[in-house]
Amino acid sequence: MSGVKSKSYTLRTEGGQWLGQVVLTEDGMFASVTDYGNFSFAWRSFGDDFRAFLISLNTGYFATKMTTGMAYIANSQKIERACERFAEKILPPLQAILKEELSNNIEF
């Protein structure tokens, strides 16, 4: 039985303040604990590399998936706004780290 590889990323603002921790798995799971909420989602169709897939996303799509992940619990405009803010604050710094990894050929 082979395991699924995962990586943990600590995200910080340009000034060095903690934003959150994100865990990615090579099979398409995103999980996070952040200053903007704790969200997760799993994509099961994303191409060859989950990191490259995440880099290609815009914050609107990403926020929608975070909302979808919460929709079974509650649905409201407040949750949607929280997911939008989460996506705007968390996705761009994560994408920057992932781009650097991929450009330096760092394995998952």
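Which side chain does a polar contact of 2.9 Å join to that of R51? Select R51 and E101 to see the pair: their side chains are joined at 2.9 Å, a polar contact being a pair of N or O atoms within 3.5 Å, where one must be able to donate a hydrogen and the other to accept it, and residues adjacent in sequence count only if both atoms are side-chain atoms.

Before going on, note that this is a predicted model, in which local features need pLDDT of at least 70, side-chain atom pairs count only at pLDDT 80 or more, and totals for chains, interfaces and linings use all residues. Residues are numbered from 1 along each chain as its sequence is written, and side-chain values use heavy atoms, with hydrogens and water left out.

Stay on R51, in helix α1 (residues 50–55); helices are DSSP runs of H or I, at least four residues, numbered from the N terminus. R51 has a relative accessible area of 3%, so it counts as buried (under 20%, with a 1.4 Å probe and protein chains only). Now show I106: the R51 side chain reaches its backbone oxygen at 2.9 Å.

Next, select F41 and W43. Their rings make an edge-to-face pair, 4.9 Å centre to centre with 65 degrees between the planes; rings of Phe, Tyr and Trp (its six-membered ring) pair if their centres lie within 6.5 Å, with planes over 60 degrees apart edge-to-face, under 30 stacked and the rest tilted.

W43 and F62 are stacked, because their planes lie at 10 degrees, with ring centres 6.3 Å apart. F62 is buried, at 0% relative accessible area.

Key:
Helices (H or I, at least four residues) and strands (E, at least two) are DSSP runs, numbered from the N terminus. Buried means under 20% relative accessible area, exposed over 50%, partly exposed in between (1.4 Å probe, protein chains only).
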